[in-house]
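Subject: Structure handover and notes

Dear colleague,

I am passing on the structure that we spoke about, and my notes follow directly below it. Please keep the structure open while you read, and look up each place as it is named.

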Amino acid sequence: MAERQTYPEHEARHPWLARLLDAYHISDTASRADLERETARRGVAVACGPGCRNCCVDQCIPVTEFEVLGIWWYASEILAGEAQAGLMQRLLGFGEVGECAFLVDGRCSVYPLRPFVCRQYHVFSKPCAPGENVSETRNRDVFRGAQDSGRELAWQIIPLYGVAEENVDWLFESGYVSRKGKHLHTLPLDNIVMHMKTTAHRKKARNA
Ligand code: SF4
Ligand code: SF4
């Protein structure tokens with residue numbers, strides 16, 4: 001089973017965060033099990049590994065508001081020091097065009113709170129080449145984990161929109177979560193920088 005990220009104080013203050021972290025835990029656990037089964041079935045190792053990052057370049061990253069909120073929270077409340085400064089600089093427009101806004105020095109700066117799609121997407125055989133769209137060049141090597149966990153994940157996410165429990169199932173079946181999706185890079189990400197600065201000032205004042 002994958003390890004769940006835990007931030008008890010923050011989760012007590014933000015019930016949405018606890019649900020999002022539960023959802024990521026469900027997704028990671030299912031994705032890991034799916035990947036193990038798929039690896040055994042194919043008899044080849046998954047190509048994804050540390051330092052591999054071409055999937056973070058020139059990609060559309062669909063996210064719901066709560067995935068963005070999770071990134072927003074993590075960048076403001078948990079990141080600190082050089083890591084936070086690096087992300088601020090990146091979000092303000094310093095960095096290579098085409099790379100994900102959260103890719104800093106070749107690494108995902110918000111890895112524990114990265115969106116579902118980044119957790120579930122895998123490629124077999126060999127790593128993606130720079131600029132390669134694997135879905136076009138060798139779709140057979142693409143593997144998305146946790147695809148059977150959609151309903152379980154919906155039960156974590158849909159109620160965050162204020163939906164009553166009796167409506168979760170039919171809304172899930174009607175594609176509610178997909179309709180809530182937005183492209184990560186079309187969002188006003190520089191707002192996160194303002195929030196990071198405000199939070200840093202608040203923390204400094206509290207500790208003074
Ligand atoms: S999806 Fe491609 S680039 Fe991304 S980690 Fe896997 S092999 Fe590497
Ligand atoms: S959020 Fe992180 S893992 Fe996802 S595309 Fe951006 S840098 Fe890559």
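I begin with Asp-105, which is exposed, with a relative accessible area of 77%; here exposed means over 50% relative accessible area, buried means under 20%, and partly exposed lies in between, with a 1.4 Å probe and protein chains only. Asp-105 sits in the loop between strand S2 (103–104) and strand S3 (107–108), where helices (H or I, at least four residues) and strands (E, at least two) are DSSP runs numbered from the N terminus. Although Asp-105 and Gly-86 are 19 residues apart along the chain, their C-alpha atoms are separated by 8.3 Å.

Before going further, please note that this is a predicted model, in which local features need pLDDT of at least 70 and side-chain atom pairs count only at pLDDT 80 or more, whereas totals for chains, interfaces and linings use all residues. Residues are numbered from 1 along each chain as its sequence is written, chains are lettered from A and ligands numbered from 1 in the order in which they are written, and side-chain values use heavy atoms, with hydrogens and water left out.

Helix H4 and what lies around it

Gly-86 is one of the buried residues of helix H4 (residues 81–91), together with Gln-84, Leu-87, Met-88, Arg-90 and Leu-91. These buried residues of H4 pack against helix H3 (65–78), S2 and helix H10 (190–207), contact being taken as heavy atoms within 4.5 Å. Ala-83 also belongs to helix H4, but Ala-83 is partly exposed, with a relative accessible area of 39%. Just after H4 comes Gly-93, whose phi is positive, at about 115°.

Ser-109 lies in the loop between S3 and H5 and, at 13% relative accessibility, counts as buried. A polar atom of the Ser-109 side chain is 2.8 Å from the backbone oxygen of Phe-102. If its neighbours within four places in sequence are left aside, Ser-109 is in contact with Tyr-74, Leu-79, Leu-87, Phe-102 and Val-104, and Leu-87 is among the buried residues of H4.

The two ligands

Which residues surround ligand 2? They are Cys-56, Ile-61, Cys-100, Phe-102, Leu-103, Cys-108, Pro-115 and Cys-118, a residue being near a molecule if one of its heavy atoms lies within 4 Å of it. This shell divides into eight nonpolar, no polar and no charged residues; Ala, Val, Leu, Ile, Met, Phe, Trp, Tyr, Cys and Pro count as nonpolar, Asp, Glu, Lys and Arg as charged, and the others, Gly among them, as polar.

Around ligand 1 are Ala-47, Cys-48, Cys-52, Asn-54, Cys-55, Tyr-121, Val-123, Pro-127 and Cys-128. The shell of ligand 1 has eight nonpolar residues, one polar and no charged.

The loop between S4 and H6

Glu-132 lies in the loop between S4 and H6 and counts as buried, at 16% relative accessibility. The side chains of Glu-132 and Thr-137 make a polar contact at 2.6 Å, which is a pair of N or O atoms within 3.5 Å; within protein, one must be able to donate a hydrogen and the other to accept it, and residues adjacent in sequence count only if both atoms are side-chain atoms.

Two positive phi values

Ser-125, in the loop between strand S4 (121–123) and helix H6 (134–137), is not a glycine and yet has a positive phi of about 80°. Ala-146, in the loop between strand S5 (142–144) and helix H7 (150–157), has a positive phi near 60°. Are these residues buried or exposed? Ser-125 is partly exposed, with a relative accessible area of 48%, whereas Ala-146 counts as buried at 3% relative accessibility.
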